[in-house]
Amino acid sequence: MQADFDSVVRKLVEDSQLPREEIMNLIDGKKKELSGLVSDLGAAHIIANELGIQTLPSLKAAGKIEDLKPGSPVDLVARVLRVYEKREFDKSGRKGQVANLLILDETGTTRLVLWGVLANFVETAQVGDILKISNAYVKADREGRPEIHASNRTRLLLNPEGEGRTLPEVGAKGVGALPSFGKEREIGALSENETAPVIIRANVMKFFDTRSPFYETCKECGRSINTCAEHDHSETKRALILNILIDDGSGTIRATLFKQAAESLLGMKTEDAEKLSDLAGNPMVIYAATTKLIGQERVFSGRARYNSVFERMELVVNSVSEVNLAREIEKLTKELEQEK
Ligand SMILES: [Zn+2]
């Protein structure tokens, strides 16, 4: 046991480049913090984890967000979903700075916490960037969910060549437009004078497929050419529009999805939809891609309105996300905003 402890301490001193005395103080501090519930060796391992130093050869580096476990090292490629402003703190005389990023891969989202000089990274990183993180470590947040912390050994590489191509794209698949506003509501409980944005988790029941899924927009302002009277429309831009029926068990509502929201639901960019439509010589071909979406559950955020002509509630959707991802993003966003 003592030999193990000594070797962990030696590794800590070597890798952290901190004096042995300081390492011993950290270990003692950790033991006190945990009211003596851990052994010297246990405390040393915890300190090692906190410093991002690997002491247990059995710990495999997490390569995907879903594999993150507190204590495990991290080596992964993810996409930047949100960049938060750097904050400076002055806690009982200890000054420093910290910044958070929200990152995403095919398996989920997580927070990346950058301390000290690394926090400056948020001045370069942008939403949509691909980020390669190596030699970082995982800690549990206050609710026990894993998040990635960067230490002075961590390497952050922005947009590494040829990596991260398969990562979900921000925007195109509904992951960019965050449902960070609005309250989750049930369709059956929507009232006629609804004003605030809403979030509805529901199943796609039907696509109203009798009209073209494209409409012409003004190149200047992006509005429908029927609405824009200010600009020249000799050249227009095609945009997507989908009308669907969704059901959350409490009721059904018609929903209209324009542009990005339609792209998200279809999982197809407007350019690709145009190509497909041109190739088939018929815009209605797009609906062939919608059969797989029937019955699927999504999170829709947008505004509910009463249509007095048809005397029914309708939903104009701003963004669509897949259920798990949306939930996670929402939770993390709320939490990050509370910390501000
Ligand atoms: Zn216009």
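Ala78 stands opposite Leu131 in strand β5, a pairing that belongs to the set of 7 bridges by which strand β1 (residues 73-83) is joined to strand β5 (residues 130-140) in the antiparallel sense. Two strands are taken to pair if DSSP finds at least two bridges between them, and the elements themselves are DSSP runs, numbered from the N terminus, with helices (H or I) of at least four residues and strands (E) of at least two. The structure described here is a predicted model, in which local features need pLDDT of at least 70 and side-chain atom pairs count only at pLDDT 80 or more, whereas totals for chains, interfaces and linings use all residues. Residues are numbered from 1 along each chain as its sequence is written.

The protein chain contains 6 helices and 14 strands. Of its 340 residues, 30% are buried, where a residue is called buried if 20 or more other C-beta atoms lie within 10 Å of its own, exposed if 12 or fewer, and partly exposed in between, with C-beta atoms placed from the backbone.

The strands β5 and β6 form a hairpin with 5 residues between them, and in the turn Gly144 has a positive phi of about 85°.

Among the helices, α2 (residues 20-33) and α3 (residues 40-51) were examined as a packed pair. Two packed helices are described by the angle between their axes and the distance between the axes. For α2 and α3 the angle is about 110° and the axes are 9 Å apart, the axes being lines fitted to C-alpha atoms, for helices over the stretch in contact, with angles running from 0 to 180 degrees between N-to-C directions. The two helices are therefore roughly perpendicular to each other, on a scale in which angles under 35 degrees count as roughly parallel, over 145 as roughly antiparallel, 65 to 115 as roughly perpendicular and the rest as oblique. The contact brings Leu26, Ile27, Lys30 and Lys31 of α2 together with Asp40, Ala43, Ala44, Ile46 and Ile47 of α3. These residues divide into 6 nonpolar, no polar and 3 charged, with Ala, Val, Leu, Ile, Met, Phe, Trp, Tyr, Cys and Pro counted as nonpolar, Asp, Glu, Lys and Arg as charged, and the others, Gly among them, as polar.

A further set of paired strands involves β9 (residues 198-207), which is joined by 6 bridges to strand β13 (residues 297-307) in an antiparallel arrangement. Within this pairing Ala202 stands opposite Arg298, while the bridge partner of Val198 is Gly302. Strand β9 is also joined by 4 bridges to strand β11 (residues 236-247), likewise running antiparallel, with Val204 opposite Ile246. Gly302 additionally has Val317 in β14 as a bridge partner, and β13 and β14 pair in the antiparallel sense over 10 bridges. These two strands form a hairpin with 4 residues between them.

Leu315, in strand β14 (residues 312-322), is by contrast buried, with 24 other C-beta atoms within 10 Å. Leaving aside neighbours within four places in sequence, Leu315 is in contact with Ile200, Ile253, Ala255, Phe300, Gly302 and Ala304. The C-alpha atoms of Leu315 and Ala255 are separated by 4.5 Å, although the two residues are 60 residues apart along the chain.

Helix α4 (residues 259-266) is largely enclosed by the rest of the structure, because 7 of its 8 residues are buried, namely Gln260, Ala261, Ala262, Glu263, Ser264, Leu265 and Leu266. These buried residues pack against β11, β12 (252-258), α5 (270-280), β13 and β14. Lys259, also in α4, is partly exposed, with 15 other C-beta atoms within 10 Å, and has a positive phi of about 40° although it is not a glycine. Just after α4, Gly267 takes a positive phi of about 70°.

Key: Two residues are in contact if their C-beta atoms, placed from the backbone, lie within 7 Å.
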